[in-house]
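Here is a short briefing on one helix and its surroundings. Keep the sequence and the model open as you read.

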Amino acid sequence: MNDMTIGLVGFGTVGQALYKVIGRAANAHASITKICVRSLDKPRDVEVPAGLLTTSPDDILSDPSINLVVEVIDNAEASFRIVSEALRRGKNVVSGNKAMLARHLPELMELQRATGAALLYDASSCGSIPVIRNLEEYYDNDLLLEVKGILNGSSNFILSRVFDHGEDYADALLRAQKLGFAESDPTHDVSGADSLNKLVIITLHAIGVYVAPSGIFVYGIPTLGDEDIRYAREKGMKIKLVAQVVKLPDNRFTMFVMPEFVAPNRYIYAVDDEYNGVVIRGECYDRQFMFGKGAGGYPTASSLLSDITALRHDYRYEYKKTAFTPRPVYTTDLPLKLYARFSTTDLATLLPWKEIREEYRSPSYRYVVGEIMLSDLLKSSSILAAADIFLCNIPYFFAGRDDLPS
Ligand code: HSE
């Protein structure tokens with residue numbers, strides 16, 4: 001077992017929390033000996049010896065005494081350069097950068113194979129919930145059917161405050177930022193992009209297939225309105241931003257991120273504030289549920305620490321499903337049932353509905369409920385960018401699957 005001599009790249013909310021958490025974890029046998037920051041003079045919550053700080057990642061990459069690079073910056077391309085260079089130099093890496101991973105996982109898998117160095121990233125997905133390592137190890141067989149859940153703490157925090165407490169959307173977003181949950185650009189949280197990045201990573205470990213984020217349908221919560229909340233409440237539902245990857249018949253699978261009406265008998269109904277919840281469904285065990293804090297400095301740092309101590313025991317992802325199980329084929333060729341609310345952008349006529357089941361029209365509020373192909377939603381992105389609309393998934397398709405004998 002090696003002691004971990006760590007070069008830390010990034011010293012924001014998560015980096016500073018990690019600095020404190022490592023100080024508390026006596027059995028980690030890990031010490032941070034260099035920290036790369038953007039600015040030396042920036043005021044911080046933690047005090048560190050000035051000699052530890054540098055503004056150049058090269059000071060970490062070229063230091064032979066550093067055997068582990070922990071990277072928690074928020075710039076995906078800079079992160080990729082640092083992480084790939086560290087691996088090339090034979091250093092193990094722990095990263096929390098979901099945007100970078102979602103974009104570059106195939107190259108990073110190849111780099112790990114070629115260099116023998118390991119890259120761990122449980123902190124990238126669902127904060128403190130150990131979802132990646134569990135998918136990789138416990139679920140290392142072919143029984144898994146579906147992974148579905150709330151993967152972004154900030155948007156869930158906002159939905160909880162708005163939906164359950166009647167608070168204002170903009171105030172709730174500001175609080176999510178102040179509490180250190182949100183990305184530096186919180187658009188990524190509310191647009192669903194952050195959930196999508198995590199879904200890409202989770203899917204690679206759940207079913208062994210990498211799908212680039214650009215090919216996946218994503219719709220977020222910024223246009224959620226009072227009428228949508230009222231509609232959900234009248235039906236006894238909550239609205240949650242849900243990411244899902246689901247196996248389908250004929251060796252296919254689908255994945256997407258969008259708001260969804262969630263009934264009280266679903267596990268994720270009770271997932272509030274910055275918590276995340278992941279439901280894993282399989283052929284013999286039906287459902288299992290993982291729940292925990294999905295955002296914030298300390299929860300994320302606890303996950304980084306777990307990856308650091310795993311590396312002490314030479315743990316690495318083997319990407320077993322990629323290598324050893326039959327890999328299903330990604331499809332968007334399936335119908336979804338949607339609630340689509342609009343005012344001037346006439347979604348009733350602009351979208352290629354397969355079937356409209358319900359239509360409501362008043363001077364200030366119109367909606368349709370109908371079936372539409374996921375592939376057609378993907379093709380309609382310019383229409384769906386309108387500010388006067390809101391889409392919400394009605395999970396009947398998957399509810400149908402729920403009726404199948406397990
Ligand atoms: N901004 C992210 C979230 C942080 O709110 O979930 C954790 O990935």
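This is a predicted model: local features need pLDDT of at least 70, side-chain atom pairs count only at pLDDT 80 or more; totals for chains, interfaces and linings use all residues.

Residues are numbered from 1 along each chain as its sequence is written, and side-chain values use heavy atoms, with hydrogens and water left out.

**Span and ends**
- Helix H6 covers residues 153-165, 13 residues in total. Helices are DSSP runs of H or I, at least four residues, and strands are E runs of at least two, numbered from the N terminus.
- From first C-alpha to last, H6 reaches 17 Å, close to the 18 Å expected at 1.5 Å a residue. That expected span is 1.5 Å times one less than the number of residues.
- Asn-152 caps the N-terminal end of H6, with a side-chain oxygen 3.2 Å from the backbone nitrogen of Ser-154.
- Gly-166 follows H6 and has a positive phi, near 65°.

**Burial**
- H6 is largely enclosed by the rest of the structure, because 11 of its 13 residues are buried. Buried means under 20% relative accessible area (1.4 Å probe, protein chains only).
- Among the buried residues are Phe-157, Arg-161 and Phe-163.
- The cover over the buried residues includes strand E7 (144-150), helix H10 (226-234) and strand E9 (238-248).

**Packing on H7**
- Ser-154, Phe-157, Ile-158, Arg-161 and Val-162 of H6 meet Tyr-169, Ala-172, Leu-173, Arg-175 and Ala-176 of H7. Contact means heavy atoms within 4.5 Å.

Technical notes:
Buried means under 20% relative accessible area, exposed over 50%, partly exposed in between (1.4 Å probe, protein chains only). A polar contact is a pair of N or O atoms within 3.5 Å; within protein, one must be able to donate a hydrogen and the other to accept it, and residues adjacent in sequence count only if both atoms are side-chain atoms.
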